[in-house]
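This report looks at one predicted model. Please keep the sequence and the structure in view while reading.

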Amino acid sequence: MTENTSNWRQKILYKPETDDRSRMRAVANNLILHLHPTKVPAPALRWTYTWGLGGLSALTATLLVITGILLMFRYDASIERAYTSIQYMETQVLFGSFVRGLHHWSANLLVITAFLHMIRVFLTGGFKLGRGNNWLVGLFLLALVLAFNFTGYLLPWDQLAFWAITVGTSLLSYVPVVGTAVSNFLLGGPEVGQATLRNFYAIHVAVLPVLLALFMSYHFWKVRKDGGISQPIRDKNERVERLTTIPHLVQIEFAAAAVLITALTLWVIFVPAPLEALADPSHPPNPAKAAWYFMGLQELLLHMHPLAAMALPGIIVAGFILIPWLDKQDDNIGLYFRSRKGKQMALVGAIWALALIPVLVIADELWLDLPAMFPTWPTLISTGLLPLLLTLAALIAIYLIFREFGHANPSEALVGLFIFLIVSFILLTIVGIFFRGANMALVWPV
Amino acid sequence: MNTNKLISLLALTILIIVIPAYAWMEPTRLEQSQADLRQEFVSDAAVIYVENCAVCHGAAGEGISAMPSLDNDGLHTADYDTLFKTIARGRYDTAMAPWHSDEGGSLNDYQIDELVTLIRYGDWTQVGELAAQRGLIPPTLPAAAIEPERLAEIAALNAESGSQWAAGMQLYAANCTLCHGIRGEGSDLAVPLNTPNIQATDVVELQRIINQGVPGTLMAGWENSLQPAEIEALAEFLQNWHLIEAEGIELTPPQPIQIDVDNPEDMLALGERVYNSTCIVCHGEEGSGGTGPVLNSQQILTKNSDEQLMQTIINGGLRPNSSMPAFGDRLTSVEMEAVVSLLRSWEPTAPWVENPRGTAQGGGPPWLRATPDANNPIAPNTTQGQGQGQGKGGPPWRNSGG
């Protein structure tokens, strides 16, 4: 009787075990200690180091799985019923609007947290010292998140969904040689229709979740395998305080999760997921915009020949993939911006982007007319190859200026270039979302 | 207690307060969202109505000549499914065409749901406003009317129930002329009422018919929109109409609109007005095609004389199962001539359209499109298929030649 009571007390109150065997069993049987090591270095727990972005992304993904499964019970992936099934959800199903809102806003939040997580990992050199693999897996996971978002965007089958996907997939058809074929394959035909909805639904609820589960598991496992998150290299003599995961790390994670869930709940209650009019293939809205996270790309398309507007991000993504091989200086791992110099380069990169991008956007809108300047050239060269090469030259020039005049090492110069690219991309996205009105003309947001 | 625990506690406290509060509000939210959705349906339906239905049923659902009014209490309280079926499948032996895409129409389930919502919950002044903004103001005919002194004359006809007859005739003018005619002569929508047959019918039976309607016809039950006394008056009036008529008392028929038929520009303008209000639904803007063939095409215009065009308008489509209705008894000859002159005016600029008779079905699945060929049953000529998507040039495998 007494033994039972003590067991019960142990289970409820987590009374510490006394002998080694019981302690080991406690670790082996603990889910948290499968994810995390038993002890973590105190600096790795600093909130301002990770901002909890990886964990929040994982939490958001979990929320999406749960709400997504609930939504599946009421959703009907046919163009006759999809929209009506969502109207049912909004007007007949208890908490239907809440669950849909949670799914919608979590999905949008995940794009942001995953993107910021990528930036954080780059800035602290999280791809160094054998972490290159996991950097690649992380990039793939970010692509998966975008694919999730893109396929999910179509499912409500409202005007927003239909035209965002129509615009989005029309970007795809600019890819040379295979673009149209891939687009036709995904859409199940030349236009967005029933086949597209069915394909996207299948991809959204079957294909992508499997990939996500596999690669997320690998991502977590590899973090653990690499010895936890990246930390600065320390002297052998320097003793770093190590704290037990339970309760130190778990408390932080729990607090972050509680705040995120509460904030998201409040947001969802006051801002329900939008639902526009039923998709109408014969009445495009003006302007017809892609999903907001693709507006940077769509904005680029306004300034360059489609092939160039595809090639430029392609080259930049290739650069991101190659970063573990471009930046081979491992001694500055775990330090934001690598060094004091790196921080300066980042600041300069950000300022240049902030100054240059708006000027270029306005100049291209008002004065710059490349085809008119080179009337004899085909547009593939005048608005395609020329701006593409100029942009790439500018990027190389920025890197070289950081190296030569900023006296930065390659690692620090890359930080400056990276920040320049990220700020440029964010600026283009903002311009695309807020400053483009009817016929995608530049307007002041109302 | 450390900061993390404090933050967690605070967040969870908010959550514990907010979620039950939300749950408590949920039934109200559901009701509100249903009301909002109804309003949205009505607004959407108003657009569909103005584009497709106002031609026959009037800019604000008031009904035009023989086409019934939709803005009446009988329909507001009508059964949802009956309204849906009527719009989707049309009504046999009337001018009401089927509108569902499965039946050859241009609307889907959702749009018909919206229209039903409009009829049941609709705000018809809003519809009329929208129609006016679109410049779609069909030539509305003034309602049949009767002067007050005439009513007094009727009342004087019979000391006992003369006033009832007068009230009945007034009600008839307001509610029944659209289908049953100014003189009760009937139309293709409804039976004649000014007949010995009706006069011989028992007054109770007449009241029952007016109250409950006639299943399977356009005759709605009026018990929800008219008072029992009014229905009694109507029945009395119908039984004694011949007596009133014998006194030479008639309803004033609506006045037609005047137009100068010798002026070609006037005729073109009239043609455009008739086309835009009647033909555009199927044949598209400027004859660009839709459910019906692309009229603005060399094939149609050069191959058909004015006489042939006129015959098609009068008698309806020549091909079997054509959905082109006969307009001979719905339009005047002047209006039809005006439409023909409008079509003719397109001829000089009409483009060559690959398949002006394209159907919405896209010509069926590819393996069923070829014209049967007894000599070559395995691979009949694949370029001879019937119909294809309108103006889309057909699916890629049909353009590869062969």
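The model is predicted, and the totals for chains and interfaces use all residues. Chain A has 446 residues, and 45% of them are buried. Its secondary structure consists of 18 helices and 2 strands. When contacts in chain A between residues at least 6 apart in sequence are taken, 79% join residues at least 24 apart.

Chain B has 402 residues, of which 39% count as buried. Its secondary structure comes to 16 helices and 0 strands. For chain B, 63% of the contacts between residues at least 6 apart in sequence join residues at least 24 apart.

## The interface between chain A and chain B

How many residues of each chain are in contact with the other? Chain A contributes 24 residues and chain B contributes 23. Together the chains bury about 2100 Å², and carbon and sulfur atoms account for 69% of that area. On the chain A side, the residues that lose the most area to chain B are Thr91(A), Phe95(A) and Gln251(A), together 24% of what that side buries.

Three helices of chain A, α6 (82-91), α7 (96-123) and α12 (245-270), each supply at least two residues of the side that touches chain B. The most comes from α12(A), with 11 residues. Sorted by class, this side of chain A has 14 nonpolar, 9 polar and 1 charged residues. Between the two chains there are 8 residue pairs in polar contact, with both residues at pLDDT 80 or more, and 0 salt bridges.

## Helix α5 of chain A

Helix α5 of chain A covers residues 53-72, which is 20 residues.

Which residues of α5(A) are buried? They are Leu53(A), Leu56(A), Ser57(A), Ala58(A), Leu59(A), Thr60(A), Ala61(A), Leu63(A), Leu64(A), Thr67(A), Gly68(A) and Leu71(A). The elements that cover these buried residues include α4 (47-50), α6, α7, α11 (194-225) and α12 of chain A. Of these, α6, α7 and α12 also supply residues to the side of chain A that touches chain B.

## Helix α9 of chain A

Helix α9 of chain A runs over residues 159-172. Its 14 residues reach 20 Å from the first C-alpha to the last, close to the 20 Å expected at 1.5 Å a residue.

This helix is mostly covered, with 10 of its 14 residues buried. The buried residues are Gln159(A), Ala161(A), Phe162(A), Trp163(A), Ala164(A), Ile165(A), Val167(A), Gly168(A), Thr169(A) and Leu171(A). They pack against α8 (132-154), α10 (179-187), α11, α13 and α14 of chain A. Helix α11(A) is also among the elements that cover the buried residues of α5(A).

## A loop residue, His305(A)

His305(A) is in the loop between α13 (295-303) and α14 (306-326) of chain A. Is His305(A) buried or exposed? Its relative accessibility is 18%, and the cut-off for buried is under 20%, so His305(A) counts as buried.

Leaving out residues up to four places away in sequence, His305(A) touches Thr379(A), Leu380(A), Thr383(A) and Gly384(A). The two helices on either side of its loop, α13(A) and α14(A), are among those that the buried residues of α9(A) pack against.

Technical notes: Residues numbered from 1 in each chain as written. Chains lettered and ligands numbered in written order. Predicted model: local features only at pLDDT ≥ 70, side-chain atom pairs only at ≥ 80, totals over all residues. Heavy atoms only, no water. Contact = heavy atoms within 4.5 Å. Buried area = accessible area lost by both parts, 1.4 Å probe. Salt bridge = Lys/Arg side-chain N within 4 Å of Asp/Glu carboxyl O. Polar contact = N/O pair within 3.5 Å; in protein donor to acceptor, adjacent residues only side chain to side chain. Helix = DSSP H or I, 4+ residues; strand = E, 2+ residues; numbered from the N terminus. Nonpolar A, V, L, I, M, F, W, Y, C, P; charged D, E, K, R; others polar. Expected span 1.5 Å × (residues − 1). Buried < 20%, exposed > 50% of the residue type's maximum accessible area, 1.4 Å probe, protein only.
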